[in-house]
Amino acid sequence: MADDYLVRIGKLIRDARQHRGWTQTQLAEALSTSQSAVNRIERGNQNISLEMIARIGEALDSEIVSLGYAGPMHLRVVGGRRLSGAIDVKTSKNACVALLCASLLNKGRTVLRRVARIEEVYRLLEVLGSIGVRTRWINDGVDLEIVPPAELEMASIDAEAARRTRSIIMFLGPLLHRMDSFKLPYAGGCDLGTRTIEPHMIALRRFGLDIAATEGLYHAQVDRSVTLDRPIVLTERGDTVTENALLAAARHEGVTVIRNASSNYMVQDLCFFLEALGVRVEGIGTTTLTVHGVPTIDVDVDYSPSEDPVEAMSLLAAAVVTASELTVRRVPIEFLEIELAVLEEMGLDHDRTPEYVADNGRTRLVDLTVRPSKLEAPIDKIHPMPFPGLNIDNVPFFAAIAAVAQGQTLIHDWVYDNRAIYLTDLNRLGGRLQLLDPHRVLVEGPTRWRAAEMMCPPALRPAVVVLLAMMAAEGTSVLRNVYVINRGYEDLAERLNSIGAQIEIFRDI
């Protein structure tokens, strides 16, 4: 029992240190001890006094460590406030996790610029660290350096961290080139109903990968005699499916053609990164990708992932729902054009700057200014489509936007089994949403929002939608257990506070 508590405390300390952007050596210096002692503490292999826990908590500015208990994080929201000023869009969460997985292709040093400091990234870093990959935050914790070992230690994989992220599924593509057999824990992530990995398997079998799923693990075997004799046709135009196929093709010597590929923002960022690794990719931005693979990748690479269009949509929705004038900077406009066209038809008053180029040298950005507008419900239903259609992850934000528009809006989220159900949580805040079936919800507006206390939905985007509605509701609301928001957004509460929101983070003691 005592050993179990030491392991739990060690994980808390490790998480707090990584959140601060410190190495074990930096923490050791702050505590006047050795790096090896910090390493033993974080692994739960050293007895630790209450005094030391308190010192660590003070050094890391982390009440959680000083308490020794990882209580869930909650948000207390004082709503009815107008937002103002300007806010920058952070780098793409989905691109960052794909690039972390892609770093396993490279024997050299990878540096990723302005990586999103989110729970999804932390979980992947824990997994990478457990199999021998050295990672550290550099440049004041802004950028991430990744150095792989000569051999990965798959037997030591952190299964708990792996099961808390669906992104672990994208280890399959790189790993099939590094070993003939390996095991991976089942993928986790948001609770969005049954999400089969069969489309991944259909693509990866063409590279000789065979998977048997038993006892919570994927058991992978690679048949090196298998050859690609025709194009790979994806049965689902999914983002992670396409990324896995790209990761497998990158070190497959010869030419791989991938058809029915996603051309979404994170896929394009991965293609740009592969090109930086020396892999030629033709057809970027289309549904047919031709990959000129190389058997070995050993380069030092420096890459800047582009900004997150879904976060940009979140911030635009925050301005709309709170009837605010707000400038959102560094918006990847190519991946929001359909959303903006729909909003224009609804009556949104906004303007945009001329386009400029993101730090990756390829993605087009603009600054958008949104002003209070009298919105009308759209004539057609809101529904997602693969890029260049309306982004699947942006559909939930239209539930909050439709709730402040005049009239009825039909939202059809045909992709995920449960997400439309979670959107009806807005009814607790005064919304009038009628669930027609597990995929369709009818939204009646305009809404007079009211404050409430409620649990956070277990899916990322609906959780943020509820938070935005709380910001619009007069009075004080409480959103409990917001881990799922931290999976996809970096310091969201603090950043919203910087433009006029009033959100307090607190924990149960």
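Helices (H or I, at least four residues) and strands (E, at least two) are DSSP runs, numbered from the N terminus. This is a predicted model, in which local features need pLDDT of at least 70 and side-chain atom pairs count only at pLDDT 80 or more, while totals for chains, interfaces and linings use all residues. Residues are numbered from 1 along each chain as its sequence is written, and side-chain values use heavy atoms, with hydrogens and water left out.

**Nonpolar cores**

- A nonpolar core is a set of buried Ala, Val, Leu, Ile, Met, Phe, Trp, Tyr and Cys residues joined through side-chain atoms within 4.5 Å.
- Buried means under 20% relative accessible area, exposed means over 50%, and partly exposed lies in between (1.4 Å probe, protein chains only).
- In soluble globular proteins, nonpolar side chains tend to be buried together.
- The largest nonpolar core holds 154 residues. Phe171, Leu184, Leu479 and Ile485 have the most contacts inside it.
- Helix 17 (residues 460-472) gives the most to this core, with 11 residues.
- Contact means heavy atoms within 4.5 Å. Leaving aside neighbours within four places in sequence, Ile485 is in contact with Cys456, Leu460, Ala463, Val464, Leu467, Leu479 and Leu492.

**Helix 11**

- Helix 11 (residues 239-250) has 12 residues, and 10 of them are buried, so the helix is largely enclosed by the rest of the structure.
- The buried residues are Val241, Thr242, Glu243, Asn244, Ala245, Leu246, Leu247, Ala248, Ala249 and Ala250.
- They pack against helix 6, helix 9 (172-175), helix 10 (198-204), strand 10 (254-259), helix 12 and strand 12 (288-293).
- The expected span of a helix is 1.5 Å times one less than its number of residues. For helix 11 that gives 16 Å, and its end C-alpha atoms are 16 Å apart, which agrees.

**Asn94 in helix 6**

- Asn94 sits in helix 6 (residues 93-102).
- Asn94 counts as buried because its relative accessibility is 14%.
- Not counting residues up to four places away in sequence, Asn94 touches Glu243, Tyr265, Met266, Asp393 and Arg461.
- The side chains of Asn94 and Lys93 are joined by a polar contact of 3.3 Å.
- A polar contact is a pair of N or O atoms within 3.5 Å; within protein, one must be able to donate a hydrogen and the other to accept it, and residues adjacent in sequence count only if both atoms are side-chain atoms.

**Leu274 in helix 12**

- Leu274 belongs to helix 12 (residues 265-276).
- Its relative accessibility is 0%, so Leu274 counts as buried.
- Apart from neighbours within four places in sequence, Leu274 contacts Leu105, Leu246, Ala250, Val279 and Val281.
- Leu274 and Tyr186 are 88 residues apart along the chain, and their C-alpha atoms are separated by 26 Å.

- Four strands form an open sheet in the order 4-5-3-13, with mixed pairing.
- Strand 4 (134-138) and strand 13 (301-303) are the edge strands, and each pairs on one side only.
- Two strands pair if DSSP finds at least two bridges between them.
- Neighbouring strands of this sheet are turned by 15° against each other on average, direction ignored.
- Strand 3 (residues 110-112) and strand 5 (residues 143-147) pair in the antiparallel sense over three bridges. Val111 has Glu145 in strand 5 as its bridge partner.
- Helix 12 lies across strand 3 and strand 13, and runs at about 155° to strand 13.
- Axes are lines fitted to C-alpha atoms, for helices over the stretch in contact, and angles run from 0 to 180 degrees between N-to-C directions.

**Backbone details in loops**

- The peptide bond from Phe387 to Pro388 is cis, with omega near 15°. Pro388 lies in the loop between strand 17 (364-371) and helix 15 (395-403).
- The Gly445 to Pro446 peptide bond is cis, with omega near 0°. Pro446 lies in the loop between strand 20 (440-445) and strand 21 (453-455).
- Asp140 is not glycine, yet its phi is positive, near 60°. Asp140 lies in the loop between strand 4 and strand 5, and counts as exposed at 82% relative accessibility.
- Asp491 also is not a glycine and has a positive phi, of about 50°. Asp491 is in the loop between helix 18 (483-488) and helix 19 (492-497), and counts as partly exposed at 34% relative accessibility.
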